[in-house]
Amino acid sequence: MAWSASQYLKFEEERTQPARDLLAEIRHDAVATAVDLGCGPGNSTELLAERFPGAAIRGVDSDADMLEAARKRLPALSFEQADIAAWSPAEPVDVLFANAVLQWLPDHLDVMDRLIDHLTPGGVLAVQMPDNLAEPSHKAMEATLHDGPWAAEFEGRSLRRPSLPQPIAYYERLSPKLAGLNLWHTVYRHPMDDAAAIVEWVKATGLRPYLDAVGDTYREKFLAAYQARIAEAYPPQEDGKCLLLFPRFFLVAVKK
């Protein structure tokens with residue numbers, strides 16, 4: 001699945017707010033090194049550089065288009081192409097920042113456990129992951145997949161990524177290595193211009209596997225059918241806008 005930096009950045013302000021909220025909960029006053037895991041087009045990396053101006057900041061991402069955008073945005077910083085599932089730093093770092101990326105890894109608890117080993121004592125692993133699979137925006141993806149001329153090909157199949165574990169799973173798995181662990185959910189409510197805007201939002205992320213699966217033959221028909229479901233699920237408010245609810249899960253872990 002190829003990512004598109006330009007598509008992702010159509011809603012840059014809304015996508016960056018959770019990164020700001022995650023960064024605000026990092027209580028570390030002596031950060032010398034920080035890595036933005038799944039840095040995307042560099043919007044979250046830019047926040048790290050502003051928060052820790054004296055630190056060595058770098059970004060890691062698996063997608064070439066995202067990295068190209070990040071390098072253009074922040075030419076003074078270093079960016080690396082790598083698979084986060086297997087990546088580790090050469091030396092321990094003070095902050096590992098993972099905004100809206102680890103949910104794509106089915107074994108992300110294992111990844112978090114391993115990443116904590118690469119923190120300095122008192123170092124911080126900060127994670128934000130969308131927890132929105134129960135929202136109409138994502139339920140409509142599966143419903144559309146199984147209702148159309150493409151449906152026979154996907155009978156008995158799901159393209160949904162795995163649901164996040166319950167917060168207690170993160171606590172039980174990670175807390176033996178930690179001096180502190182903060183877990184919370186935030187539900188963002190984004191006013192969107194219309195149903196088409198919601199579709200544009202998810203085309204950059206959750207809808208990508210579905211569009212790749214149906215291919216060019218059915219792409220436009222699939223999008224039209226999906227948008228019809230979105231229009232029904234997110235009716236216009238009094239001001240004409242649609243309100244997109246977006247739950248997200250946050251974790252800030254401090255190594256012993």
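Here is a short tour with two stops.

Before you click, know that this is a predicted model, where local features need pLDDT of at least 70, side-chain atom pairs count only at pLDDT 80 or more, and totals for chains, interfaces and linings use all residues. Residues are numbered from 1 along each chain as its sequence is written, and side-chain values use heavy atoms, leaving out hydrogens and water.

**Stop one: two helices**

Select residues 12–23, helix H2, and residues 43–51, helix H3. (Helices here are DSSP runs of H or I, at least four residues, and strands are runs of E, at least two, numbered from the N terminus.) Their axes, lines fitted to C-alpha atoms over the stretch in contact, lie 9 Å apart at an angle of about 40°.

Now show side chains: Glu 12, Thr 16, Ala 19, Arg 20 and Leu 23 in H2 meet Asn 43, Ser 44, Leu 47, Leu 48 and Arg 51 in H3, with contact meaning heavy atoms within 4.5 Å.

**Stop two: a cavity**

Next, select Asn 132, Ser 137, His 138, Trp 201, Val 202, Leu 244, Leu 245 and Phe 246, which line the largest cavity. (A cavity is a set of points on a 1 Å grid where a 1.4 Å probe fits but cannot get out; lining residues have an atom within 4 Å of a point.) Its volume, the space filled by probe spheres set on the points, is about 40 Å³.

Which element gives the largest share of the lining? Colour strand S7 (242–255): S7 supplies 3 residues.

Methods:
Axes are lines fitted to C-alpha atoms, for helices over the stretch in contact, and angles run from 0 to 180 degrees between N-to-C directions. On a 1 Å grid over the protein atoms alone, a cavity is a set of points where a 1.4 Å probe fits but cannot get out, and a pocket is an open set with protein on both sides within 12 Å along at least five of seven lines; lining residues have an atom within 4 Å of a point.
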